[in-house]
Structures are given as structure tokens and as C-alpha cells.
Amino acid sequence: MEYILKNGIVFDPANNIDGEQMDILIKDGIIVDNVSSDAKVLDVTGKLVMPGGVDLHSHIAGPKLSVGRLYRPEDIRRGIKVASGDGIEGFEAGFSVPTCPATGYRYTRMGYTTVTEAAVPPLEAKHAHEEISSIPNLDIPTLTLFGNNWFMLKYVRENNLDKLAIFISKWLKLAKGYGIKIVNPCGSEAWGWGKNVNGLDDAEEHWNVTGREVITSLTKVNEMLGLPHSVHVHTNDLGHPGNYETTLETFDCVKGIKKNKNVDRNQILHCTHVQFHAYKGTSWRDVSSGAPELIDYINRSKHMTCDIGQITFDETTTMTADAPMEYDLYKLTGLKWANKDIEVETASGLIPSIYSKKAPVSVLQWAVGLEFFLGIKDPWKMALTTDSPNGGPFIRYPKVISWIMSTEKLNDMLDNEVHPWATRRTSLGSYDREYSWNEIAIITRASPAKILGLTDRGHLGHGAKADVSVYDIDVNDFDTTLSGNSETLEKKLLNSLYTIKDGKILVNHGKIVELVDSKHIWCNVRGLEDREDELIREITPEFNKYYTIKYENYGVNNHYIKPDNRIDIDYDGGYYEDC
Amino acid sequence: MMVGIMKTVRLFMMKFSAVPLEFDNILPEQLYDKSQKQIEETVIFRGNRKEPLNKYFKVTVEGECNIPEECTVIMDGDLHRVKYIGNSMSCGRIIVNSDVDLHAGAQMSGGHILINGDAESYVGREMTGGLLEIKGNVREFLGSSYAGEWRGMSGGKIVVYKNAGKQVAECMLNGEIYIKGNCDSLAGIHMTGGYLQIDGDVIQWPGGQMKKGDIVVNGCVGEILQGFKKEEKIQNPLINNRYHIGTYTKYVGDMGNRGKGHLWIKENRV
């Protein structure tokens, strides 16, 4: 099918197109410069046109989502929507942990086409991929958890990076993973004994390995293998007052490591939900924002990127492999708490969280997130996320956009709606920056695609995937800076005029008109197969000793990942350059 | 056009369904402005299938009204497999001359429901207003929260004229519940406010994990949890803006949850 998106106002930052009125031509699922006379014309004159949205950090599939749904039936009751009746859209349920189909519908209506599931333990990867198969309309890479894996810890302790690289390469194949995720390195392992680690240099006592060693080793291995995405790090001490120092040390500990020359991204470390890692103080009584120091570091450095993890003032569900942190949260709030051990690999926890405009700590967290949005000068160094559902569900992205596009709206909130800690304990009141549509397109499309190393999306250049979103916003007439327009803006961004994926119209005037199977995006490193087989022979006895399942039953078989998008990487032994 | 000031919709169950019927849309606010024919054609769920109301019920309409507050729905026959009667009701009146199934009066915010029979579990769940009277017995989770939710009944009044099952008033925030008969275990569990009065006996553990609120037991209590501290005996105490005649022992708890709720037990009955 061929389409011409006629006369839209196009924002395509990767190709330096900043609000130009132009046509986008689509043929056979890609953006082209020429179509036949049979092409169907979609008149989008004056409307906002951007590449399909890319979310680089969200929790949408896997065991913790299932636990969340079972554990919070009261959440499932929110967001109920009956089936459309035309056989396309099915029943929807859930607010912070929606059902799988609802996840696909909602992202698609928002104009998103690629969403990263940010934490999958290899042992549970089959479950995650099964759920991905139940989510329609998205391309979904999964990040595989390695930060507390026993084999990883063993090779780090031995400082055997060659074997670690082979292990990572093989385990990504087994889990059908896209990249390396590190969560509270060594801390989640310590939680197996009811403990945690404090800071980057506190060794986990049984392995005698520190978070610093884990992060630097995995970063080096990531560059040796030349994976498209950098290491994706949830640093130690999440959610603890005073943690900004640990975060700064984490940023700095990989600084000298060189980047693989073959990759498209600029960074060697991606710090995720940085808002949760940016607090000063010694307790929640004297807590304040540590964002200015981190923003200053990010502005000065070239080797790292971040996503925000913005708080959205909702009752939501927090879920993470940082199980000791969830226990701390349980002790703080007393709300119901679930804990799960993933043998040999990681831990996980889950607890509801209520972010209120009247609660000082919630407001501080909200303001810290916005400080990052407004303080980081180069939007290519960050991405918009809420760490969905931890800071708030992904359907709040439009709300966050409405906040950062209007100083008037933010000032209204600071003056009338939120607890005074937002101004007393953070520097949010000192910013007067307002995002343009071009910058919004960067932090929701171009930058996350670039950070993930997905070169075929996040832009509308010729040859790119025809993932396009069009919104019913007359760019030249609609003033996003007015506080009174924020609700309208949010509604329009929640329901796209058209969402096009791979050249197919999935949403037409806010209504889903077609469902397609989601693609499982994963990385396949070529050139290490013999050494991987050798490694497996070597570690199989240990594997069968410590896991309760046999190695033969461990990996994700190909039938779990149909359809897939395999990204082949040829191992070249490392070929580096400065960031 | 002038219309009357009271409308009565009578529903008589002619054909029993073993598969539960769902009545969450048979409410005064939904029926007050509908004709008899429209009411007969109202679609209800039978299990997971949709059926017209008149397949199971004979519908009679008397009078007319302008506002839903003036509409009364009277249900007769064997409705013990009809769920969600009065669910989310906000005004008007429902009278049921039968036993009823799950979730009667759940999430109701106003109006009056009178059940002249027994009720299954989750009656008055998460109620926020209105009056709910049950002349018979009720099963578990009267005036409670939904499974998993930690916020239960937050307003309104429930009166049960016979006995109630386990976990009455679970997670109650506000409102009043009166039980004229006996209660099973854990009445008032996780209460954080409101008033629960049990005129009969409680098998065991009233107020487990409660934080705030008042529980008054005029009968016997099989066992009190250890998290309750005996404070004092009070003659004719003023509780919930009403004097209670007799001598009551006041307990405070549940200390296991750092609670400061009040459990009042009438003298010489423990």
C-alpha cells in the first residue's frame, strides 16, 4: 500500500526538519521519495506529523507485570473499556498495570510504535515473550538483566572479560534479549541474604564484588561485543536520600572506556529513571534535590545519556528488580508488598505507590524530574519516560509534555496545586524554559531511537521504517504555552489522528482500525558460536547444580518470538573510539 | 407535558436462571424516564451473554416521574441468582422481596435499597452513600473493599437485621454499619474509620489490624486479639454521637498495626 501524508507540519529532528509543511511518502512499509499515482492521499494539512514514538524504558511484559495484575485487582478495575464491537479493539482493563492488549491499544493510540521492555530476567524470558506476543501493534526489544547474575559475578571477580563477553553473547541469544540491563548491581544479589549494598564500592559479601566492578566490566563487554544499545543502568541506592553522590560516581566510573566504532549511538552508559537517583540529604526529613549537580555533569559529558522517570501524581504500581528498595518502600508506607526471588539471576519486588500533590516527598520527586527536563541543555542526551508504571503509567506522557511545554502551567501548579517543597527544596521555580515541538520530537522519538541504536526508526528519512504519527493539532494555531490549553493538548496527544506502523494505518481518528502482531527485537552476535558452545560445556554442571531447571529447558525457543526482528552483529574483537 | 410524581417499576421473575443474571443497569436512574417497552428490552448479562430483561421478568410500570429520585423499582420472585442489584445506584429506591446474589448495593452512592431476604457476599462493597437494609442474613465481606483494594466503605449506612459472615466492614473508611444479629470472625478488619455496631456475638478477632474507627459489640466476643490494650470501663459512653446504655470496656488497637482504633465491648459479656 502506498500513502501520501499531504501538507502536514513535520518535525523530524534527525533530518533537521523543524516544522516544515511537506508531504511524507510511504511505500511497502518504508519512507520513500516517490510513489505511484495509485497512492492514497491522507490530507493532514497543518497537522502535527512526527516519527512513530519510541519508548526506551517501560515495563509492559513479564512476570512482575503478571504479579502486579494478580496482586492489584483494584488496579485492574480502573481503566475498563468495553470492546469496540467491530472485532478489532478488545476489552481493556487496568490503569498502571493494564492487560496486554490494552497496553498495545493505548501505546498505539498515543502514536507510539516501539516500546522497550526494560527488565527481563533470562529465567523468565519465555514468560515475557509470551506476553509480548499478546500485545498488539508494537516493536518490542527486551533488556536482559545481568547486574546480579552469578555467572557474571564469577567472571567479574576473576576479571575474565573474554569469558564474560562470551557469556553475555550467549545469554542474549538464550533470552532473545536486545541489550544489557543492570539493576542495583550486587544489591539485588545481597537481598538473597536480606541485605543490600550501599554505594558503588560496597562489596556483596559472598562474591566480594562491587557495583563499580560490575558496571565497568559490563560496559567494557558491551563495547567489545558492539551491541547497538549501551549498558542500561539503574544505579545503586535508588530512592534513598543522599543517593546523588552514588549516581555521580556511576556516571564517572565508565568515563575512560572507549566506545565501539561500529555502533550508531554516542553514549557508553545510559542511566535510567535518573529522577529516582537524584536526592540530597540524610533522611526524608532533610531531603532536597540533587538534580543540579547531575544536570551539570550530564551537560558537561559526552559519554552518557539518561531517561527521566517522571512522577505523574497517580496511584500506581512500583515494580523493580531492586527488591531491597521495594522492601524499604514497604517499611515507609506499610502498603501491601510482594517479593520474588529469581534464582541465580536477580530478585524483584512490587508495591503500590501513591504520588500525591499534597505529599512533600512526592512533590519533591515530581519537581526533580522536571528539573532534569528543563536543565539538560541537549535534548539528545535524554528521553521522556515515567519508568512506567513506577513513576506513573505511560498514558501520562502527554501530561508530562503539557507541563514542559508551558511555563505558565508549571507556575500555576507551583503556586496553587503542589506542596511547597517543590520550590523550597528544588530549583524548579528558577527555570523558564519551554519545550518546542522539535524538542518534544527529540525526547520522544529521535533521541530514544538513537540511544537504543535503532537506526531504522525515530526519523522520517528515506529508507526509514514507515512509522509515523499524526496528531489533530494545528501547529501554527495551537498555543502550547497557555496553561488553559494543557488539557486539550493532553487529550489530542493521547488519541492520534493517524498512527502508521510499517506503512499500515493502525489508528484512524483516535480509533484503532487494524491490529498487527508485535515484533520481538533481539540481538544476535555472530562470530563467537564455537566459544559459546565451549563455555556452555564448561558451565553446564554449575548451571544444573544451581538452577531448578535443566539448561535444555532454559532458553527461549524461536516459536516464542514470532514475528521477530533479529539484529545481527558481527563480533570484530573490539574496535574502539572516544565518545 | 405534566407527569405524575411517582413511578413504580415492578419486575417479577417468571423464569429462573441458574446462570447468574447481572442487574447493574437496572437502577432507578436508568429506568425513570423509560417506557414499559423500553424497560422490557433493556439488555442484561446472563453469564457472558446478553439477553433482554423480559426473557426472565414480567415488567409492569405504574405512574410517571420527572426525576430519578421519584422512581422505585420493586423486584419479586426468586432472585437468589441475580447479582449486582443496585450496583452503583445513586438515587431512588429498590425493594427486593427475595434473597439476592453477590454485590448487592456495591458502590452505591445514594438512595435506598431494601432487601427482604438474605444476601450473598460483598453486599454494600465500597459504598459511599445511601441506605442499604437487609432483613435477612448476609454472607462475607459486608461493606468491605474489593479484593486487593485497601479502601472499603466510605459513606452511607448499612443495617442487617439478622447475622453477618466474616470480615464485615473490611478496610472501612467511614459510614455506619449496624448488625442486629451475630457476626463471624474478623469484623472490622483493617478498619481506618467509620462505625460498626454488632448487637449479637462475634466469634473472634474483631478489629484485626484496625487503625481507627469504632467497633461496638453488645454481645459476646469469642477471642480478642492480643494487639488490643484494655483501657478503661465507661458507663453509658458517647460513641458515634450517641449514648450507649450500659457499662462498656474500651480497648485500643490493633497495636500490631500501630492502630488507635476503639473496640467497645459491653460489660460482663467477654
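Hi everyone, let's start at Pro389(A), which sits in the loop of chain A between β19 (382-383) and α13 (397-404). Helices (H or I, at least four residues) and strands (E, at least two) are DSSP runs, numbered from the N terminus. The peptide bond between Ser388(A) and Pro389(A) is cis, with omega about 5°.

Some ground rules: this is a predicted model, where local features need pLDDT of at least 70 and side-chain atom pairs count only at pLDDT 80 or more, while totals for chains, interfaces and linings use all residues. Residues are numbered from 1 along each chain as its sequence is written, chains are lettered from A and ligands numbered from 1 in the order in which they are written, and side-chain values use heavy atoms, leaving out hydrogens and water.

Chain B has a cis bond as well: Gly253(B) and Asp254(B) are joined by one, with omega about 0°. Asp254(B) is in the loop between β18 (247-253) and β19 (261-266) of chain B.

Now two helices of chain A. Helix α6(A) covers residues 161-175, and its 15 residues should span 21 Å at 1.5 Å a residue; the end C-alpha atoms are 20 Å apart, which agrees. The expected span is 1.5 Å times one less than the number of residues. Of those 15 residues, 13 are buried, so α6(A) is largely enclosed by the rest of the structure. Buried here means under 20% relative accessible area, exposed over 50%, and partly exposed in between (1.4 Å probe, protein chains only).

What follows α6(A)? That would be Lys176(A), with a positive phi near 50°. Lys176(A) is in the loop between α6 and β9 (179-183) of chain A, and is buried at 7% relative accessible area. Val344(A) is another non-glycine with a positive phi, about 70°. Its loop runs between β17 (338-342) and β18 (346-354) of chain A, and Val344(A) is buried, at 6%.

On to two individual residues. Gly52(A) lies in the loop between β5 (47-51) and β6 (53-58) of chain A and counts as buried at 3% relative accessibility. Setting aside residues up to four places away in sequence, Gly52(A) touches Gly111(A), Thr113(A), Arg445(A), Asp467(A), Val468(A) and Ser469(A). Contact means heavy atoms within 4.5 Å. Thr246(A), in helix α9 (residues 244-253) of chain A, is buried at 7%. Beyond its neighbours within four places in sequence, Thr246(A) contacts Gly199(A), Leu200(A), Asn236(A) and Asp237(A).

Let me finish with chain B as a whole. How many helices and strands does chain B have? There are 2 helices and 19 strands. The radius of gyration of chain B is 20 Å, close to the 18 Å that the globule rule gives for 270 residues, so chain B is as compact as a globular protein of that length. That radius is taken over C-alpha atoms, and the rule is 2.2 Å times the number of residues to the power 0.38. Along the principal axes, the C-alpha atoms of chain B fill a box of roughly 65 × 40 × 25 Å. Buried residues make up 53% of the 270 in chain B. Among contacts in chain B between residues at least 6 apart in sequence, 39% join residues at least 24 apart.
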